[in-house]
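Subject: Structure for your study

Dear colleague,

Please find below the structure that I am handing over to you.

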Amino acid sequence: MMVTMVTGCAKDNPGTAQGAYKPGTYTATEQGHNGPVKVSVTFDANSITAVNIDEHSETPGVSDPAIERIPKSVVDGQTLAVDTVSGATVTSVAILNAVEDCVTQAGGDVTALKAAGEKTKDTADVTRDTEVLVVGTGIAGMLAAISAADNGAQVLAIDKMPSTGGTSITAGGYFIAADSQQPNDSNIDDSIDSLMTYWHSIMDEGSDTGYPNYDKVHSILGDSGKTVDYMASFGVPFGSIINPFGGTPVAAVEGGGPGMISALEKAARDKGVEFLLECKAEELIIDGSGAVTGVKATTPTENMTINAKSVVLATGGFSKNPEMVKSYSPEIEQVVPLAAVSSTGDGIRMAEAVGAARFENYWSSLSGVTISKDYAKAVPEASGLTTAQQLGVNGKGERFACEAGKHHTALTYDLIKDGNYPHYFIFDSSSEELIAPMEAGIALDEVFKGDTIEQLADAINVDAPTLKATYDRYNELAKSGSDEDFGKAADK
């Protein structure tokens with residue numbers, strides 16, 4: 001629970017007649033991004049004196065600017081004409097709708113409050129100069145900024161969002177850490193050779209398409225331990241090496257993504273990095289030779305020209321940009337992305353506009369097993385469902401991959417290649433902990449139930465004879481203890 005209180009001095013509401021409120025404190029609840037947002041609003045006879053966010057389950061870091069800014073703006077301006085916060089639009093709207101409800105309860109004039117404070121915003125033309133400009137403040141941008149500052153550069157980091165972190169702030173904070181100097185109490189072999197052997201074991205099924213590029217995989221994983229050690233050297237709080245994914249040495253950040261971004265931002269500021277938020281890079285500036293010399297950017301009040309000797313694009317992927325997904329990676333067009341709302345391909349778009357070439361298509365932030373946003377909100381425990389002891393089938397009713405022992409990247413590959421989307425995982429009632437989230441999913445039309453495999457096939461619109469044959473084959477392999485089709489371990 002987070003509580004934010006903003007108290008203002010009593011003053012006349014410019015859009016409401018004197019004595020138009022019934023003094024007191026009123027409460028209202030609206031649906032936010034992750035769940036209900038409960039708001040209380042206090043009135044005297046003539047004004048809104050306080051807006052409190054009493055309860056919410058919004059994502060830390062992402063929702064904080066809205067939770068802090070919206071109440072203050074309402075009180076300071078005595079208005080409901082308040083801009084939503086980029087990246088936290090749903091949270092912003094929930095707060096404003098709850099405040100509107102409270103205004104109605106207090107007898108106020110909602111229409112007048114929505115008109116109060118509205119005015120045309122003037123924008124100024126501003127020029128800034130810096131040595132290194134970093135665009136994007138997720139983990140890549142943060143580390144680029146810190147590294148540049150470590151090497152004596154003047155660094156400006158900008159982000160279109162009102163807070164730092166990008167998708168990184170929503171992550172769990174787990175880092176592959178090959179050959180790291182972090183303590184290893186897990187007895188896992190954390191060498192790069194061992195990790196690459198494991199990576200081949202989970203990904204080789206896709207090697208016929210050239211995915212993944214193992215040279216790149218080795219390059220990235222080979223430096224993973226050094227990256228973890230570098231972050232630990234300036235205060236990112238890592239624990240001991242663990243082995244949560246079976247074959248992968250992992251260092252976990254205390255506090256997950258928010259804890260990581262908080263530590264990175266502090267380190268960057270301590271090293272002199274300047275941050276400019278709600279500053280959206282629009283286009284790259286190039287000189288006559290084709291060299292990038294800065295960016296054109298916009299803020300709510302300024303049109304900016306930022307000149308820089310070096311520009312680092314760290315703006316993330318494009319999975320929240322439907323047009324780019326359809327153009328570049330149509331295989332994942334219907335998959336629910338896990339990236340932050342800011343992942344709209346801005347850096348890719350700007351780079352291509354000045355002649356940059358894409359070296360490959362890629363699948364952006366995905367999970368191996370996807371559930372809908374509505375299901376995840378209504379039944380949070382469903383997000384943790386494991387597929388290890390379940391039968392996975394595609395839209396034809398055919399099994400398409402080993403359901404266990406694969407990194408989610410590998411399983412995602414299997415899900416979307418060769419038309420394996422949509423996909424389904426078939427559970428039985430043997431695990432009591434699954435019953436509640438499954439029943440809740442049925443109520444949301446996210447889970448389907450059948451007393452027989454044929455009834456289940458009908459429920460999910462899959463060919464019944466094909467699904468029955470797949471089901472029988474799976475049980476046959478399970479009884480034999482050897483998965484001759486996809487190599488699933490006998491104990492899974």
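This is a predicted model: local features need pLDDT of at least 70, side-chain atom pairs count only at pLDDT 80 or more; totals for chains, interfaces and linings use all residues.

Residues are numbered from 1 along each chain as its sequence is written, and side-chain values use heavy atoms, leaving out hydrogens and water.

**Nonpolar cores.** A nonpolar core is a set of buried Ala, Val, Leu, Ile, Met, Phe, Trp, Tyr and Cys residues joined through side-chain atoms within 4.5 Å. Buried means under 20% relative accessible area, exposed over 50%, and partly exposed in between, with a 1.4 Å probe and protein chains only. The largest core has 30 residues, and those touching the most other members are V155, M231, F234, V236, F238, L264 and V273. Among the elements that give it two or more residues are α4 (139–150), α7 (224–233) and α8 (256–270); helices (H or I, at least four residues) and strands (E, at least two) are DSSP runs, numbered from the N terminus. Beyond its neighbours within four places in sequence, F234 is in contact (heavy atoms within 4.5 Å) with L143, I146, L264, A267 and K271.

**Helix α8.** This helix has 15 residues and reaches 21 Å from its first C-alpha to its last. Its expected span is 1.5 Å times one less than its number of residues, and the value is close to the 21 Å expected. Its buried residues include M260, I261 and L264, and their cover includes α4, α7 and β9. After α8 comes G272, with a positive phi near 95 degrees.

**Paired strands.** Two strands pair if DSSP finds at least two bridges between them. Strands β2 (residues 24–31) and β3 (residues 36–43) run antiparallel, joined by 8 bridges, and form a hairpin with 4 residues between them. Strand β3 also pairs with β4 (residues 48–55), in the antiparallel sense, over 6 bridges.

**Aromatic rings.** Rings of Phe, Tyr and Trp (its six-membered ring) pair if their centres lie within 6.5 Å; planes under 30 degrees apart count as stacked, over 60 as edge-to-face and the rest as tilted. The count comes to 5 aromatic pairs. One of them, F175 with F238, is edge-to-face, at 5.6 Å centre to centre and 80 degrees between the planes. F175 and F238 are 63 residues apart, and both are buried.

Yours sincerely
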